[in-house]
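Notebook open, structure loaded. Today I'm going through the sheet first, then the cores.

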Amino acid sequence: MGEVKNNPSSTAPGTAGGVGGYAQAEWGPAKPRICWGMEVKDSQRLKCGEEVSDPRIVNEVAKLISEFIRRVERYRSVLLSDEITPFSYAISALSDWLKVVVVEVDTVIMELKAVEHEVGKNMLKLAEEAREKWFKIYRSELEELIEKLRKGEAVIIITGDPFNESRSFIAHLYTRYLAIEIERIAKSPDNITIEISLSDLGGIDVVMPKLFSDNILEAMRYGLLLTDGSIVKGYPAMNTNQLWQVIAWILVWSGIVHIYINGININNNISIKWHLRAISHRDKIKNKDEVVKLVLKLNNDEFLIFLLFALLGDGHFDIKNKMIKLDIGVSKYELWVDIIKKIKSYGFKEYDSRNKKTYIIWTYKAIELTRKMLSSSTIKAMIESLSILPDAEKLRRLIALTNIKIKPRGSLSIEIDNIKMSIHVRDEGYIEIRILRKNYEDARAIQERLNSAGYKAKLRKNGKSFEVCIDIDEIKKHPELIAKVCETLRRIHEETINENNAVKAWKVAKAIMRLNCRNPT
């Protein structure tokens, strides 16, 4: 048994007016008992240690409690209703989904759909059981706790640092069956998360067949483990509030998978906390460092599957901008550094921010990548069926990205002395042939090569990069270059007309006239 409080920062700020009525506004004239938390052997709950009397700390606690009460009131129609519960959304979503997961003719996909259906039924059963207990036990305990908080009769246990915003600060509330954590997130003081853990909810062991080959399954698992997954007491495990992710996790772990609901989150919305544990895979992977080593041994096809499942965890698919984004937190970067080198080879560019590194791939490269990742008919069928769930917006964007029509690579490019360069057309029909390079030496080498081939190429700075270009006056001096450019412009003009893009078609037409391109004979 030991104390787990964190000492407040020595630079604690003063609080005008002490408690300033903040706590009294919520708790009434009585003051609640506030104490630092102490660990209890063989228990996940804390007990009261040293009592808190510092009004500055009391005020910080009052802010957390006030936010908790505000959110309960905000979601009163779900949390304190006689008809709706936090589990109603999942019950409705799963019930509807089970009606549309149809059996396919293909034998492999038929087995996949049958297993998905069975998993969905088990999740539905757990959600329905949780709903019944919410009505019988949890709701009344929550109502009683809110009343005690308002009267100042509750016991509030705290951990963390109330004054140092670079560290978290948590208020813990307990009833017989509820354990509530109200946390001010470290380095993000305006972000408060609320979790309610529910006691006495049973789980289900699901026995999973092997739906994919071993090498495919391993690639999928590595993607899950390095993003939203973890290894708990030797077991691969994951907590999630997304229905589609629960099913996806279960499908890739053959053998026994334990699933249970361990609570709800009350944040931007109300969501269920699902806990998943791959029982049959205990001690097969020791830690995430080992996972990284295994990822680096994957062949190209397997790595794409790993990347797909990593993106399903920490990625973002943007249809409007034709973009795929992968976010790696600063704390994860060292673990990922060797994997990132391989990810960059697919065309991802790195962007830095204070708390994370972001890797983005754009336009045709992004679309081609999604198509490669979903080239397996079984994996695609799995993603498509899960995308029907109402919370699977990420999967729907992934599928939509694969269906975007793209022009063939190089359709706006020509080759000059084996150097692939892009044609750029401005509004007045003025054209240039360009190539961009990150460092000066590479750009200078291209310029010299073009000059040696008889083309007067210019070198200029473009942002942080360097651009080599051949302008329209230089193009006109070389009949063979005019022929290449005109051929490409005619093709672009035809494509834009077919796309009903009148503005671009007129711009390209003016470029054709400027070059006096002749119709092909």
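I started with strand 17 and strand 18 (residues 431-437), which pair in the antiparallel sense over 4 bridges. Pairing here takes at least two DSSP bridges between two strands; helices (H or I, at least four residues) and strands (E, at least two) are DSSP runs, numbered from the N terminus. Ser422 has Arg434 in strand 18 as its bridge partner.

Before going on, a note on the source: this is a predicted model, where local features need pLDDT of at least 70, side-chain atom pairs count only at pLDDT 80 or more, and totals for chains, interfaces and linings use all residues. Residues are numbered from 1 along each chain as its sequence is written, and side-chain values use heavy atoms, with hydrogens and water left out.

Next I checked the other neighbour: strand 16 (residues 413-416) runs antiparallel to strand 17 (residues 419-425), with 4 bridges joining them. They make a hairpin with 2 residues between the strands, and Asp417 in the turn has a positive phi of about 55°. Ile416 is bridged to Ile419 in strand 17.

Then I traced the whole sheet: 5 strands, open, antiparallel, in the order 16-17-18-20-19. Strand 16 and strand 19 (458-462) are the edges with a single partner strand each, so one side of each lacks a neighbour in the sheet.

I found 132 residues in it, with Phe68 and Phe306 touching the most other members. Helix 5 (residues 107-151) gives the largest share, 16 residues.

Terms used
Core = buried A, V, L, I, M, F, W, Y, C linked by side-chain atoms within 4.5 Å. Buried < 20%, exposed > 50% of the residue type's maximum accessible area, 1.4 Å probe, protein only.
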